[in-house]
Amino acid sequence: MVIMPKSKIISWNINGLKSWSETEGVFDFLKEQNPDIFCIQETRSSVDKIENEYNNICSEFPFQYYHFGERKGYSGTAIFSKIKPVNIVFGILNSDSEKVGNEGRVITLEFEDFFIINVYTPNSKFNTQISSATRLDYRINIWDKAFRLHLEKLKKSGKEIIVCGDMNVMERDIDLQNYDFYFKENPGFKEKVLQERNSFLSFLELGLIDIYRKLYPDKIAFSWVGPPALHLPSNRLDYFLVSKKIEEKTEDVKIISNQDGSDHFPISLTLNQKLSEKVCDDGDYEKILFPKKEEIQNSLF
C-alpha cells in the first residue's frame, strides 16, 4: 500500500494565550495532530510578553508570526508554520489604501502556490438592553468590505487561497444550537445575524467554499460553547474557506469538539497532498517576527 503525503492546518480561537498554554493537554494535542501550519486567534498578548514569557512556545514551528493590537490583552492573531513563506502581510487596507483597525486581526502568509489568511473577525457586540449591535455598522460596512477587498487582491495573483479563523458568523440556521433563543426571543439579534450572514456570503461569491458545509451539508456541530455560567447556546463560528483546487485536495475537515483549552474548539483541514515540498532546512530558522508600524501591510500589492 502506498501512503500518500498529506498536509494539515489547524485553526483555533484560543481565548487568551496565557490560559490556553496553561491548560493540560494542549501541547500533547498539537504533537498528536502534527499540523504543518497552526493558526490562532484571540491571543490577548503583546510583544513584551512573547519575548519574555512565551518565546519558546510551540517551538516545533520554526516560523512564527504574531500580530497584536494597540490595546494590550485584547484580540490578536498568530501563525506558526513549518513551511517558510515567501511573504508576510499584517493587517488589511480599505479602498483608499488606509489600514483598517488596530486590533491585530489578520495575518496573511504567501507561499509559492497559495496564501493562508488567518482572521479574527470583529464581534458586532449585541446589547440586549437596547436590542441592537453596537459594532455592527463597523463590522459590515468597514471591516467586511476591507476584508473582501483583501481577498479580491489575493485572488488576482492566481494562487490558491485558504482562509481560516473565527469569523464570528453563523452561516446557516443549523449553525445555531437554539434557533428560538436567537431569532424569536431576540428580534434585534436576528437582524444582526442576517446582516452578518449576507456579508459573509460576499466572500463565497469570490469563489471560496465553506469546506465544512460542502463536506457535511446537514451535520449539526458547533465550534463555540461559551462560558458555562452564562448558559448560552453553542454556535459554529470558526471556518475554513478554500478556493476550488484546495477543495479538490481536501480529505477532511473537522471540528475537534473533545479538546479543552478555550471556549472555542480547534478546527482542522487535512489535504491529500503536501502544501509545499519546501519545508525548512536544518538551521533555516527565523526568529519570532512581529510587525513594525511601518510594516503593517507591506508591499505585497
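Student: What covers the buried residues of α6?

Tutor: Keep in mind that this is a predicted model. The cover over the buried residues of α6 includes β8 (126–127), β9 (132–133), α4, α5 (179–184), β11 and β12. The buried residues themselves are G188, F189, K192, V193, E196, R197, S199, F200, S202, F203 and L204.

Student: Why is S124 called buried?

Tutor: The cut-off for buried is under 20% relative accessible area. S124 has 0% relative accessibility, so it counts as buried. You'll find S124 in the loop between β7 and β8, where it touches A133, T134, R135, L136, R139, K192 and E196, leaving aside residues up to four places away in sequence.

Student: What makes the pair S124 and E196 a polar contact?

Tutor: The limit for such an N or O pair is 3.5 Å. The side chains of S124 and E196 make theirs at 2.6 Å, so the distance falls within the limit.

Student: Why are β5 and β11 said to stand at the edges?

Tutor: Start with the order of this open sheet of 6 strands: β5-β6-β7-β10-β12-β11, with mixed pairing. β5 (87–90) and β11 (209–210) each have a single partner strand, so one side of each has no neighbour in the sheet.

Student: How do you know that β10 and β12 pair?

Tutor: Pairing takes at least two bridges. β10 (residues 160–166) and β12 (residues 238–242) are joined by 5 and run antiparallel, so they qualify. Across that pairing, V163 stands opposite L241 in β12. Helix α4 (residues 136–155) lies across β6 (106–110), β7 (114–120) and β10, at about 170 degrees to β7.

Student: What makes β3 largely enclosed?

Tutor: 5 of the 5 residues in β3 (residues 63–67) are buried, so the rest of the structure largely encloses this strand. Both faces are covered, with F63, Y65 and H67 buried on one side and Q64 and Y66 on the other. β3 also pairs antiparallel with β4 (residues 77–81) over 5 bridges, and H67 stands opposite T77 in β4.

Methods
Residues are numbered from 1 along each chain as its sequence is written. This is a predicted model: local features need pLDDT of at least 70, side-chain atom pairs count only at pLDDT 80 or more; totals for chains, interfaces and linings use all residues. Side-chain values use heavy atoms; hydrogens and water are left out. Helices (H or I, at least four residues) and strands (E, at least two) are DSSP runs, numbered from the N terminus. Contact means heavy atoms within 4.5 Å. Axes are lines fitted to C-alpha atoms, for helices over the stretch in contact, and angles run from 0 to 180 degrees between N-to-C directions. Buried means under 20% relative accessible area, exposed over 50%, partly exposed in between (1.4 Å probe, protein chains only). A polar contact is a pair of N or O atoms within 3.5 Å; within protein, one must be able to donate a hydrogen and the other to accept it, and residues adjacent in sequence count only if both atoms are side-chain atoms.
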